[in-house]
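Open your viewer and get ready to click along. Each stop tells you what to select and what is there.

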Amino acid sequence: YPYTVVSLYEAQIVREGVVQQKGTLAAMIAAATSSDTIQLLKDVVSDARFSITKTLTIDGQGHTIAVNNNDNRVIDISDTSDVTLTLKNVMIDGSNVKVDLSYPRGISMYRNTNVKLLLDNASVSAGHYAVNVASENTGVEIEIKNSSVASGWAALNVWSPATISVTGSELSGTNNKSFDAAGGNNFSTIVLNNGAQDSELTFSN
């Protein structure tokens, strides 16, 4: 009879083509060394965000990373430098993160120096900001290729100078929030706020 094999582990570390160890995604992020690849073995739903402070590739292998309503973002890159995060073949689902802990995000970057985010055949979604480049960042690069980035407010919400390239991808922001007196729903798919004036954006295909 046909059967389905379900992994007991969420993720595994792969280094130079060799599996090093298996465990939860949080444990694999903590145990990985810079430039390791982490492969997902199943969909992951966490009670807390995943904080990235080292160069990593996360290969979702078609799986989803989500955070429930105990936190307000799925992936956080903060207070770090010289880090590249590659997300490929993965869905970052921020649709259920906690609204009353500030605006929900899929991926958020704050107070970093020389960090790069690469989305390759990935999707990122969130109730408010799919990808949020917050304040006090310098040297931020974002490359989005063959991916989908969507949110209820802005697909890209940028508060610091950033170099962003988008190739063969779809960005969408539905602006589905109710109006407030401060004009809080006056958003679009791509928002460059005060502080992001020196950003460079390139789109192709």
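**Stop 1: Gln61**

Select Gln61, which sits in strand β6 (residues 56-67). This is a predicted model. Look at the backbone here: phi of Gln61 is near 50°. That is a positive value in a residue other than glycine. Is Gln61 buried, exposed or partly exposed? Its relative accessible area is 41%. Buried means under 20% and exposed means over 50%, so Gln61 is partly exposed.

**Stop 2: Glu16**

Now select Glu16, in the loop between β1 and β2 (18-23). Glu16 also has a positive phi, about 55°, and Glu16 is not a glycine. How much of its area is accessible? The relative value for Glu16 is 80%, so this residue counts as exposed.

**Stop 3: the whole chain**

Zoom out and colour by secondary structure. How many helices and strands does the protein chain have? There is 1 helix, and there are 19 strands.

Now take in the overall size. The C-alpha trace spans about 60 × 35 × 35 Å along its principal axes. A compact globule of 205 residues would have a radius of gyration near 17 Å. The protein chain has 17 Å, so it agrees with that expectation.

Of the 205 residues, 45% count as buried.

Colour the charged side chains next. You will find 13 positive and 20 negative ones. The centres of the two sets lie 5 Å apart.

One more figure for the whole chain concerns contacts.

**Stop 4: the nonpolar cores**

Hide the surface and select Ile38 and Leu87. They belong to the largest nonpolar core, which has 46 residues. Which strand gives the core its largest share? Strand β8 (residues 81-94) does, with 5 residues.

Next, look for a second, separate core of 5 residues. Among its members are Tyr129, Trp153, Ala154 and Phe187.

Go back to Ile38 and show its surroundings. Leave aside its neighbours within four places in sequence. The contacts of Ile38 then include Ala11, Ile13, Leu25 and Met28. They also include Leu56, Thr57, Ile58 and Asp59.

**Stop 5: Thr37**

Select Thr37, in strand β3 (residues 36-40). Its relative accessibility is 23%, so Thr37 counts as partly exposed. Which residues does Thr37 touch, not counting those up to four places away in sequence? They are Gln12, Ile13, Val14, Thr57 and Asp59.

Now draw a distance from Thr37 to Glu136. The two are 99 residues apart in sequence. In space they are 28 Å apart, C-alpha to C-alpha.

**Stop 6: Ser7**

Select Ser7, in the segment before β1 (11-15). At 22% relative accessibility, Ser7 is partly exposed. Beyond residues up to four places away in sequence, Ser7 touches Leu41 and Lys42.

Draw another distance, from Ser7 to Leu118. These residues are 111 apart in sequence, and their C-alpha atoms are 27 Å apart in space.

**Stop 7: Ser46**

Move to Ser46, in strand β4 (residues 44-46). Is Ser46 buried or exposed? Its relative accessibility is 14%. The cut-off for buried is under 20%, so Ser46 counts as buried.

Show the neighbours of Ser46, leaving aside those within four places in sequence. Ser46 is in contact with Ala66, Val67 and Asn68. From Ser46 to Ala66 is 20 residues in sequence. In space the pair is 6.3 Å apart, C-alpha to C-alpha.

**Stop 8: Asp93**

Finish at Asp93, in strand β8. Asp93 is partly exposed, at 22% relative accessibility. What does Asp93 touch, not counting residues up to four places away in sequence? Its contacts are Thr64, Ile65, Ala66, Val67, Val74 and Ser125.

Definitions and conventions
Residues are numbered from 1 along each chain as its sequence is written. This is a predicted model: local features need pLDDT of at least 70, side-chain atom pairs count only at pLDDT 80 or more; totals for chains, interfaces and linings use all residues. Side-chain values use heavy atoms; hydrogens and water are left out. Helices (H or I, at least four residues) and strands (E, at least two) are DSSP runs, numbered from the N terminus. The radius of gyration is taken over C-alpha atoms; the globule rule is 2.2 Å times the number of residues to the power 0.38. Buried means under 20% relative accessible area, exposed over 50%, partly exposed in between (1.4 Å probe, protein chains only). Lys and Arg count as positive and Asp and Glu as negative; His and the chain ends are not counted. The place of a charge is taken as NZ of Lys, CZ of Arg, CG of Asp or CD of Glu. A nonpolar core is a set of buried Ala, Val, Leu, Ile, Met, Phe, Trp, Tyr and Cys residues joined through side-chain atoms within 4.5 Å. Contact means heavy atoms within 4.5 Å.
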